[in-house]
Amino acid sequence: MRCAPEEKVDVYAHAVRGANLDEHERQRYQQQYAEEIETMSAFADQFIGQGLQQGEATILLTLLNEKFGPDTVDAYRERITAAEPEQLLQWSKRILSAETPETIFH
């Protein structure tokens, strides 16, 4: 799509907000811009995953603070914020029965 330079920002904003395409237009878009759709989907998936990881890390840090206090949070914050979601889930389950922080992170 070609547009005048002074219209680029408005065209982009309209596209980001959604152009309210009908079904025929949506199908045409999917056919003509399959590569762009794939790129944007991968981009969205990456940021959704990061958001989930950050949320899970925040929950675990909050639980640690409630159960063992802020010193424990400080001691494990870096490890928790760098962990994968599966590891965070495992640690979150362990906190329920943990007597010490060390038993969570072994």
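Tutor: Start at the surface: Leu21, Tyr29 and Tyr33 form a nonpolar patch with about 240 Å² of accessible area together. Patch members have over 30% relative accessible area and no salt bridge; nonpolar side chains (Val, Leu, Ile, Met, Phe, Trp, Tyr) are joined within 5 Å, like charges within 9 Å. Areas come from the Shrake-Rupley method with a 1.4 Å probe, and for residues only the protein chains shown count as cover. This is a predicted model: local features need pLDDT of at least 70, side-chain atom pairs count only at pLDDT 80 or more, and totals for chains, interfaces and linings use all residues. Residues are numbered from 1 along each chain as its sequence is written, and side-chain values use heavy atoms, leaving out hydrogens and water.

Student: How many salt bridges does a search of the whole structure find?

Tutor: Side chains of opposite charge can pair when their charged atoms come close. A salt bridge needs a side-chain nitrogen of Lys or Arg within 4 Å of a carboxyl oxygen of Asp or Glu. The search finds one. Arginine 77 meets aspartate 74 at 3.9 Å, N to O.

Student: Is aspartate 74 buried or exposed?

Tutor: Buried means under 20% relative accessible area, exposed over 50%, partly exposed in between (1.4 Å probe, protein chains only). Aspartate 74 is exposed, at 54%. Arginine 77 is partly exposed, at 39%.

Student: Which residues is isoleucine 80 in contact with, leaving aside neighbours within four places in sequence?

Tutor: Contact means heavy atoms within 4.5 Å. For isoleucine 80, the partners are Gln53, Ala57, Leu60, Leu61, Leu64, Leu88, Trp91 and Phe105.
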